[in-house]
Amino acid sequence: RDDDDINDVASMAGVNLNEENARIMAANSDLVGTQIQSCKDEPFLAAIPLHKRILETAKKLGITDVPAEVVTFISRATQNRLRTVIEKVTVITQHRMESYKDDEWYEQATDVRSQLKFFEQLERLEKQRKDEQEREILLKAAKSRSRQEDPEQARLKQKAKEMQQQELAQMRQRDANLTALAAIGPRKKRKLDAPGLLTIGGEGVGVCGGSQAGLGTASPRQYPRQKITRVNLRDFIFYMEQEREMSHSLLLYRALLK
């Protein structure tokens, strides 16, 4: 078949593919299929400082000349090594952040948070009981009418007076707060408008393309939330403990000391 019969769009536009192909081959016959453009190979590490560091290490071993290909090779090896480390540590962090509360194959054995709340409540009740006992002692001391008062009795009366003044100040502050809240009224939640949606007279006006506007309700645009994985020092320590080359290294020992 001819190309005009196969490509309906080209034939409808009046373009003859055979003629166009012959014209291109005649005009640029030397360049068609021979010109290749590639991206520039950017090194991962700075070439000049890395080359100096390699030369310093090579001189200790009796090597005086290090070609540029070695610098490129070490830079790429460092990039691959760093990518591998980041991938493994990311997997460790994701395992650490996994929650098994909703998994049907797991059941909760202990609840440390509830136990701590229970102990805090016990301490609060014990403190409240001691405060009540101290308050009763102070009130009894304040109501006593003995003529010959010792210094301890006078100190208790002064302390009871200060306690009553403090309770009165707290009651006044509480009443003032309640009065202010009653004057403000109930707090109304502000309705958030959808992005790109303006409300005019109870109707939604959705802006499309920057200049065109259409009446009607527009659905809110949902943006995918990017999940951030936060890696801490414990994850790196666990990774180094699992690696055979780093499990007995000085770097792991220094990390454990931090």
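Biologist: Leaving aside neighbours within four places in sequence, which residues is T93 in contact with?

Modeller: Contact means heavy atoms within 4.5 Å. By that rule T93 is in contact with T229, R230, V231 and D235. This is a predicted model, in which local features need pLDDT of at least 70, side-chain atom pairs count only at pLDDT 80 or more, and totals for chains, interfaces and linings use all residues. Residues are numbered from 1 along each chain as its sequence is written, and side-chain values use heavy atoms, with hydrogens and water left out.

Biologist: Is T93 buried or exposed?

Modeller: Buried means under 20% relative accessible area, exposed over 50%, and partly exposed in between (1.4 Å probe, protein chains only). T93 has 0% relative accessibility, so T93 counts as buried. R234 is exposed, because its relative accessible area is 63%.

Biologist: Which residues form the largest nonpolar core?

Modeller: In soluble globular proteins, nonpolar side chains tend to be buried together. A nonpolar core is a set of buried Ala, Val, Leu, Ile, Met, Phe, Trp, Tyr and Cys residues joined through side-chain atoms within 4.5 Å. Here the largest has 9 residues: V85, V89, I92, I237, Y239, M240, M246, L252 and A255.

Biologist: Which residues of α4 are buried?

Modeller: Helices are DSSP runs (H or I, at least four residues), numbered from the N terminus. In α4, the buried residues are L50, I54 and A58. The buried residues of α4 pack against α5. The face turned away from the buried side carries exposed residues, including K52, R53 and E56.

Definitions and conventions: Helices (H or I, at least four residues) and strands (E, at least two) are DSSP runs, numbered from the N terminus.
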